[in-house]
There are 2 protein chains.
Amino acid sequence: MSLDAVLARIDQDLPAATDRLLDLLRIPSISTDPAFKADCDRAADWLVKDLQDMGIDASKRPTPGHPMVVGHLGNGGPHLLFYGHYDVQPVDPLNLWDNDPFDPQIEDTPKGKVIRGRGSSDDKGQLMTFVEALRAWKAVKGDWPCKITFFLEGEEESGSPSLVPFMKENADELKTDIALICDTGLFESRTPAIVTMLRGLLGEELTITAPSKDLHSGMYGGIAMNPIRVLSRIVASLHDETGRITVPGFYDGVPELPDELEAQWQGLAFNHQAFLEDVGLSEPAGEQDRTPLEMIWSRPTCEVNGIWGGYTGDGFKTVLPSKAHAKISFRLVGDQDPLAIRESFRKMVTDMLPPDCEVEFSPHGASKASGADTSDPMFEKARKALSDEWQIPAAYIGCGGSIPIAGHFQKILGTEPMLIGFGKDDDQLHSPNEKYDMESFHKGIRSWARVLDALT
Amino acid sequence: MSLDAVLARIDQDLPAATDRLLDLLRIPSISTDPAFKADCDRAADWLVKDLQDMGIDASKRPTPGHPMVVGHLGNGGPHLLFYGHYDVQPVDPLNLWDNDPFDPQIEDTPKGKVIRGRGSSDDKGQLMTFVEALRAWKAVKGDWPCKITFFLEGEEESGSPSLVPFMKENADELKTDIALICDTGLFESRTPAIVTMLRGLLGEELTITAPSKDLHSGMYGGIAMNPIRVLSRIVASLHDETGRITVPGFYDGVPELPDELEAQWQGLAFNHQAFLEDVGLSEPAGEQDRTPLEMIWSRPTCEVNGIWGGYTGDGFKTVLPSKAHAKISFRLVGDQDPLAIRESFRKMVTDMLPPDCEVEFSPHGASKASGADTSDPMFEKARKALSDEWQIPAAYIGCGGSIPIAGHFQKILGTEPMLIGFGKDDDQLHSPNEKYDMESFHKGIRSWARVLDALT
């Protein structure tokens, strides 16, 4: 049977595949919030059952956190691993959602049909593209394309605390010829892409304490140090006037872009105006001497992801708070050393503290940047398969977000990661009203069928 | 009959006076919580009955919120008004109380007897000092010291929404020669004091918007402006390195402390180390060229009472938020013009915005500072009476917090407010285990007898 028959089967089965995805999306598997622990477990069970129903030897594997789902199928040919994650981001602010984030809907929009709901794009919709491609393959051909290992995680949105220990303990079982990772997007929502440059991530939460308890700002204002004032000074000093990050030694190990890649990226003719306009902005806010694509793909960043302190409810309360907090993350590139940067950041903050103030740090992940070795011929085969499906030449690109798993495959298992995904720029990942285009889902499934055909 | 006889009567009646106060303290008149509406009403009834039993023409007067208690007594002499409030603060966190907050107890402590319970100091215990002084006066002398109007409020702890309308509607009835307000404390728990300088208050909430929606910091970090970064720069710039506030024109109308008052304050030998140590601090954080007492009483301040933006829950969410918010308040002194400062602050913030950012302001009150005109000879008479009772020279002091009622008496009724109270620094106002020293209660009653004697 030919690839065409598999593709036809995919087209025909799309309504049923969509129903299966909606079913999975109804499970509120928010991994960061302990209140949703049972739901994460339920999502893992759902996947195990779905894989088992297809005849795959799948099981739920316990970890100290949320479980892994591991499955094995096929014999012969190259041994591929497929990675995705079944956990999703929190949904607040809930009032900005037009619908219940866990009551997913198919919506007609001016740009076509979309699947709306938390996790539709990140990452349940994406991971199901691969599952559905295999389902169609098996239905049409009666057998699997090659030997494949499923490795599905439930802690990706909360820093993957169990991932590395699990990979180390099960290295023999998880070691394969290549690792397909489906958690990225198309370039500019239309060019198929394989991500070959991934930024690392360093997260830090800090709490500044000034007075030992909340005070009345009328009684103590002026004479007592306000921790919000201290925290604001620290945050304000993280970037200089040209957008450069001021943490000492931060740029150690940051490489310049190779000429070859620079040329390829210029060929992409990235429309940064449209990229920014889409989110209500017009001017790139990063380092002033860098191109917009460098800012989002190959330069390191520092962002405050959250800040809070004092009274934040309705009305006014003239409190002078005891504590102020911030969550800060750094995206890392090249050979930047997350642990050295953490130490330098902590020293810089501590050095800035005025008398009577204390700081407490709490770490949230520290992963180096990683890049794929595209000299493996499987990369060119996959690139051609993607170009065929989308009728646009696929590109090797960078990725602003961190996908630490890619580095773990390289470092722990010696397996080269290949990142292919079908998300679009307007999918509202991590935001209210997240969606996944029906086109992403449909052509995503077809893409995997073509990639599997090309690699085997 | 002499003042001594009145004082003796007060000493003798103290146990009965204490029982009356305990009775009033048993009524949970929490004004902010609608569940306690009937209790607020009950407290008003209790006061009306107690005043009527003394032969005072007292009544409960309805408002859209909790009722006022108004009473009239006496003829001739100066016409005094007495203000206090019968409502109390909420009691949560309840688990931090050693006893039921509404089952008041007399406790022996290393520092002497205390009356423990919600409202004991703020303000039921304080208001009863005046009632008991009058009761003793009448019992001994058979007549009143002068013409007196009682004006007792039940909404002070919830922003006094009915106060100004009631004062305006009943201006003729409430207009007197002076208004005695009993809701303040002794200086450093031992020096009798009349508060003569009250700071004004200007509140502003601001919201900075950068991108039009929350973004993924991996996708947009670096290239998209982060509103927390913008807000932090603004907050950090509100004070310069010497602690001065940088809003242009902010210090217009700020008077230097008169030499006389400066000398008086130096005489107070304020122990700012102890004041700060009490809340875990050691160094005054205000303007470096000002004394600690100036910082809390006579200098204007700027405090951030709240800040928030992005993800503030447990764990980490790599969001680049659309909005960041802060609540900022200014304490004003002298002739500082709240509306001019509001305008200047808004302009300063707006001028600091980078491209693509917007700011929205929302005002929260704007009141000028007020000061009592101590040239009225009644002030010196009262000061001498207090000095006699406490055997320590009474002082004219400032007050960091705002007591809006004082300004209302001046502005609406043209009546000079005289703020005298007997609370101590460790009374735990608004906190669990509130108490009022038996010394405050006893000598407070005696103080009023002396003040009434001096003023009439």
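Mentor: We'll take the domains, then the chain contact, then some local details.

Trainee: What should I know before I start?

Mentor: This is a predicted model: local features need pLDDT of at least 70, side-chain atom pairs count only at pLDDT 80 or more, and totals for chains, interfaces and linings use all residues. Residues are numbered from 1 along each chain as its sequence is written, chains are lettered from A and ligands numbered from 1 in the order in which they are written, and side-chain values use heavy atoms, leaving out hydrogens and water.

Trainee: Okay. Which domains does chain A have?

Mentor: Domain 1 covers 3-198 + 370-455, and domain 2 covers 200-254 + 300-367. Those bounds come from an automatic or database domain assignment.

Trainee: How far apart are the C-alpha centres of domain 1 and domain 2 of chain A?

Mentor: They lie 35 Å apart. Five residues from each of these two domains of chain A take part in the contact, where contact means heavy atoms within 4.5 Å.

Trainee: And how much area do domain 1 and domain 2 of chain A bury between them?

Mentor: About 320 Å², with 45% of it on carbon and sulfur atoms. Buried area is the accessible area (1.4 Å probe) that two parts lose on being put together, summed over both. On the domain 1 side of chain A, the touching residues are two nonpolar, three polar and no charged. Here Ala, Val, Leu, Ile, Met, Phe, Trp, Tyr, Cys and Pro count as nonpolar, Asp, Glu, Lys and Arg as charged, and the others, Gly among them, as polar.

Trainee: Switching topic. How many residues of chain B are in contact with chain A?

Mentor: 75 residues of chain B, meeting 85 residues of chain A. The two chains bury about 6,900 Å² between them, 56% of it on carbon and sulfur atoms. In chain B, B:Ile223, B:Phe316 and B:Lys317 lose the most area to chain A, together 12% of what that side buries.

Trainee: How many salt bridges cross the interface of chain B and chain A?

Mentor: Two. A salt bridge is a side-chain nitrogen of Lys or Arg within 4 Å of a carboxyl oxygen of Asp or Glu. A:Glu241 forms one with B:Arg233, and their closest N and O atoms are 2.9 Å apart.

Trainee: Which strand gives the largest share of the chain B side?

Mentor: Strand β11 of chain B (residues 301-310), with nine residues. Strands (E, at least two) and helices (H or I, at least four residues) are DSSP runs, numbered from the N terminus. The chain B side divides into 31 nonpolar, 27 polar and 17 charged residues.

Trainee: How many bridges join β11 of chain A to β11(B)?

Mentor: Five, and the strands run antiparallel. Two strands pair if DSSP finds at least two bridges between them. One example is A:Gly306, whose partner in β11(B) is B:Gly310.

Trainee: Last thing. Where is A:Pro93?

Mentor: In the loop between β3 (79-85) and β4 (105-109) of chain A. A cis peptide bond joins A:Asp92 to A:Pro93, with omega about 0°.

Trainee: What about A:Gln391?

Mentor: A:Gln391 has a positive phi of about 60° although it is not a glycine. Look for A:Gln391 in the loop between α12 (377-390) and β16 (395-399) of chain A.
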